[in-house]
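Hello,

Here is the structure you asked for. Please open it first, then read the notes below.

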Number of protein chains: 2
Amino acid sequence: MHYKYTDIKAIVAEILENKKDDGGVKNIYFVGCGGSLGALYPAKTFMERESLTLKSGWVSSNEFVHSTPRDFGKNSIICLACHKGNTPETIAAAKLGKEMGAAVIILTWLEESEIIEFGDYIIHYSFDASPDHLAGDIDYAGEKTMCALQVAVELLNQTEGYSNYDKFQQGAGMITTVIRKARAHVAQRALDFAEEYKNDSVIYTMGSGAGYGAAYMESICIFMEMQWIHSGTIHTGEFFHGPFEVTDANTPFVIQVSEGSTRELDERCLKFLHTYAKRIEVLDAKELGLSVIDPAVVDYFNHSLFNNVYPIYNHALAETRQHPLTTRRYMWKVAY
Amino acid sequence: MHYKYTDIKAIVAEILENKKDDGGVKNIYFVGCGGSLGALYPAKTFMERESLTLKSGWVSSNEFVHSTPRDFGKNSIICLACHKGNTPETIAAAKLGKEMGAAVIILTWLEESEIIEFGDYIIHYSFDASPDHLAGDIDYAGEKTMCALQVAVELLNQTEGYSNYDKFQQGAGMITTVIRKARAHVAQRALDFAEEYKNDSVIYTMGSGAGYGAAYMESICIFMEMQWIHSGTIHTGEFFHGPFEVTDANTPFVIQVSEGSTRELDERCLKFLHTYAKRIEVLDAKELGLSVIDPAVVDYFNHSLFNNVYPIYNHALAETRQHPLTTRRYMWKVAY
């Protein structure tokens, strides 16, 4: 029942074997709340772009429970992320999965928690639990984002087949080194960023492709939740169709320039921002070393890279603003 | 080649007939940019929640073109929205659809435009072209959001069958009356809203379910694009998992309280906002008369209702701020 991320191949094989006589696996849902939902975004993108036959969905836990897809049941896998295993909405989604006969995979950090009894497979992911996630000594290939991706990759490979499977696994083997170098690379610019933006009341994040999830997480979990800075996430494919009209010399944008198929979208926005905005922070996956991963699979690694470079910025911002990342006014403090 | 929304049933039948010997229709993609993408959101939600076998996706045009799903081709329908038929990214997506053998449905307003040559079926939707969309004398059942929904509903009904088909069509027959009454109902509060928020620099929108698309459109097309007010769209299922920490007595939230399965999510946020925020504008679908539509299908009509009530607010806001909704600094003015 308790597993490591290296067990995902066997877990998926077992699920497929168990469901073989019952119609097999026809769909997979990635379900969570907030940062845990954002972390599942690359897996959703992978299924959407790569699968020929399997349906997939990416839904916030409480919406999933209240507006459950009609195809959810014995031919489903539900892959949930729940960091400490105590988020009520995600527990309810796991419970629903059990009741409806789905295979329930729970990605979590703690060994014991409330959610565990509702999971068929509890995968304990790696997590940098050091203050502000600065230690950087973990295996990033075992983080929740990568675990969810591996569930998707294994499911596809063991059903339809995935021609880039080996390249993907090679990429997974390289991501930790890429991330560590990238985190060191941004050390000084993170300090400059914190100094420049310490008094801003609004900061947008921008991204595309599988990496959009990282932009979403930075916006809602860091700027809004942990720094009380107003924010919104802008998809770089959507920027020129509304959002770009807020651009001026004062408004700050943190833009992810991804490596892979959607890079052109990001670069187009960056070019515009260089012309009409003055205050831009660029996270460029190419400059940050992601290009060592094969072009056929690199799209899906942008999220892990960006999501693990942000903590360097976040720590600097929190220090400079004297607003620790642990500060809350409502969470854990009032009933809601 | 040119059709009205009342032809959608026949269009879907023809597509299914044409593709019968070629493997049939296996997936449908809803593709557009900005407001045109937002308008397709209910159709995406419908397919995700109601279909047992058909894959679906909802993707911004340029991402779709650069990162095309592997299953896109002769067994696909691509349903695009493009208001004046001249959005380059959406034209590129339609062209790709033609090249790859998909059935290309284009929802558009004008009779003639660049995109038309790349569509198999051009559906001219109804649109309130009066200044600030105030006239309100159109058939709202023929708007682009409803056209996309009808494509989804017909596709499902003519393949798997959709047990609530008649209820859905009854709802479509009622939506115009509901919207007209609702628009009249908010006349005074829209003026009050404009007065209250005329000097704000940030306004959030909130929503859930199929109606989330309307919250997204209001955020990016009105507040950001047409009023240069900072904004972000918060899913009510996500609010308590990060975003709610920005809540204070000054920050304005426009919250959609939907009718149907996700209402509980919205109500929970509203309760919190009533306690900790002071400046809230509530669009309540129940109060606005949507409950006359059958509970089995009402979810999918929230978007049309909210999206057509907003113009009353938007006009008042633009007037009070002396910032016409047609004002732009980049769109149509500079190259990008």
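**A residue in chain B**

Leaving aside residues up to four places away in sequence, N27(B) touches L54(B), K55(B), D71(B), N75(B), S76(B) and I77(B); contact means heavy atoms within 4.5 Å. N27(B) sits in strand β2 (residues 27-32) of chain B. Strands (E, at least two residues) and helices (H or I, at least four) are DSSP runs, numbered from the N terminus. N27(B) counts as buried because its relative accessibility is 2%; buried means under 20% relative accessible area, with a 1.4 Å probe and protein chains only.

This is a predicted model: local features need pLDDT of at least 70, side-chain atom pairs count only at pLDDT 80 or more, and totals for chains, interfaces and linings use all residues. Residues are numbered from 1 along each chain as its sequence is written, chains are lettered from A and ligands numbered from 1 in the order written, and side-chain values use heavy atoms, without hydrogens and water.

**The sheet in chain A**

An open sheet of 6 strands runs β1-β6-β5-β4-β2-β3 (chain A), with parallel pairing; strands pair if DSSP finds at least two bridges between them. The edge strands are β1 (2-3) and β3 (55-60) of chain A. Strands β5 (103-108) and β6 (121-124) of chain A share 4 bridges. I106(A) has I122(A) as its bridge partner.

**Between the chains**

The contact takes 70 residues from chain A and 70 residues from chain B. There are 6 salt bridges between them; each is a side-chain nitrogen of Lys or Arg within 4 Å of a carboxyl oxygen of Asp or Glu. E89(B) forms one with R268(A), with the closest N and O atoms 2.9 Å apart.

Best wishes

How values were computed:
Buried < 20%, exposed > 50% of the residue type's maximum accessible area, 1.4 Å probe, protein only.
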